[in-house]
Amino acid sequence: MTMPLLQIEAVTRHYALPREHLWRAAPSVQAVSGISLTVHAGKSLGLVGESGSGKSTLARLAIGLEKPDQGRVCILGQDLALLKPAALRRARRDFQMVFQDPYGSLDPRQKIATIVAEPLAALGAISAAQLRSQAHEVLLSVGLRQTDLDKYPHEFSGGQRQRIAIARALITRPKLIVADEPVSALDVSVQAQVLNLMQDLQQQFGVTYLLISHDLAVVNHLCDDVAVMFQGKVVEQGSPEELFNHAQHPYTQTLLAAVPRLDALAGAL
């Protein structure tokens, strides 16, 4: 049996809240509780749930931006929490992240060439000419032009900025991209364009997605498996077809009933 691309094992994460009393310990909130998930290469997983369900916390844990309080996160068999900074930096070639806000995640003071090449530059041992060449190549793959390399983020629309963010994630040729609500800040018609792009890139580069969303139509378009999160736990998991047609957990049923855009977006896609 092949090694999982991503293995999340009994992961728990707490956050400390502001101290209410001088002589008492600060209270805490449990964002993620005992979650175990497996993602194999070529089989993308969607995480669905309302705001506050723990999806984004799990996304940060999945790429080593945070460490779990309990449990472990392994990518290609490596426990991210045990890697030294230099080793973790090298490991990041295999996994990248696309954030929700396509403007807030791009440095407004830098040109697109620098922004897109940043993950590759962080690995070192590559010339400026090579960085620019690879930034040009990956920018073309997301439907933008060579002349866009010398522009700034404010010169682009929201959909174009998210294409730039996707290009930045792709430049190291990662095996896994964690996408945290990648289209929720975009208009519905632009959402469809970006999702179709992500699907094309999946086929072209063989990338696997861990897709975080509150929108079931979005994960249905890109994912082979869906896990539903509620109050920090996975309450149901299965294929999109199974969940959409035969949801068992009351929260999944409520989530389905509360998504009026499901058919509209599916038609747009």
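This is a predicted model: local features need pLDDT of at least 70, side-chain atom pairs count only at pLDDT 80 or more; totals for chains, interfaces and linings use all residues.
Leaving out residues up to four places away in sequence, Lys43 touches Thr208 and Asp224. Tyr209 is 166 residues from Lys43 in sequence, while the C-alpha atoms of Lys43 and Tyr209 are 7.8 Å apart in space.

## Leu47 in strand β3

Strand β3 contains Leu47. Leu47 has 0% relative accessibility and counts as buried. Residues up to four places away in sequence set aside, Leu47 touches Leu37, Lys55 and Leu58, together with Leu210, Leu211, Ile212 and Ser213, and also Ala227 and Met229.

The C-alpha atoms of Leu47 and Leu195 are 16 Å apart in space, and these two residues are 148 residues apart in sequence.

## Helix α9 and its cover

Helix α9 spans residues 250-257, and its buried residues are Tyr251, Thr252, Leu255 and Leu256. Viewed down the axis of α9, these buried residues fall within an arc of 140 degrees, so they line one face of the helix. In an α-helix there are 3.6 residues a turn, so residues three or four places apart point the same way. Pro250 and Ala257 are exposed on the other side of α9.

The cover over the buried residues of α9 includes both strands and helices. The strands among this cover are β3 (45-48), β9 (225-230) and β10 (233-238). The helices among it are α7 (216-222) and α8 (240-246).

## Gln248, between α8 and α9

Gln248 is placed in the loop between α8 and α9. With a relative accessibility of 61%, Gln248 counts as exposed. Beyond its neighbours within four places in sequence, Gln248 is in contact with Glu236 and Gln253.

Gln248 and Ala122 are 126 residues apart along the chain, and a distance of 45 Å separates their C-alpha atoms.

## Asp94, between α2 and β6

The loop between α2 (85-91) and β6 (95-98) holds Asp94. Asp94 is buried, because its relative accessible area of 17% is under the 20% cut-off. Apart from neighbours within four places in sequence, Asp94 is in contact with Leu76, Pro174, Lys175 and Leu176.

Ala10 is not a glycine, yet its phi is positive, at about 45 degrees. This residue, Ala10, lies in strand β1 (residues 6-16). The relative accessible area of Ala10 is 42%, which makes Ala10 partly exposed.

Glu181, also a residue other than glycine, has a positive phi near 50 degrees. Glu181 is found in the loop between β7 (176-180) and α6 (188-205). At 9% relative accessibility, Glu181 counts as buried.

## The chain as a whole

The protein chain has 10 helices and 10 strands. Its radius of gyration is 19 Å, which agrees with the value near 18 Å that a compact globule of 269 residues would have. Taken along the principal axes, the box filled by the C-alpha atoms is roughly 50 × 50 × 45 Å. Of the contacts between residues at least 6 apart in sequence, 68% join residues at least 24 apart.

Of the 269 residues in the protein chain, 48% are buried. The accessible surface of the chain comes to about 13,100 Å², and carbon and sulfur atoms account for 50% of that surface.

How values were computed:
Residues are numbered from 1 along each chain as its sequence is written. Side-chain values use heavy atoms; hydrogens and water are left out. Helices (H or I, at least four residues) and strands (E, at least two) are DSSP runs, numbered from the N terminus. The radius of gyration is taken over C-alpha atoms; the globule rule is 2.2 Å times the number of residues to the power 0.38. Buried means under 20% relative accessible area, exposed over 50%, partly exposed in between (1.4 Å probe, protein chains only). Contact means heavy atoms within 4.5 Å. Accessible areas come from the Shrake-Rupley method with a 1.4 Å probe; for residues, only the protein chains shown count as cover. The arc is that of the directions from the helix axis to the C-beta atoms.
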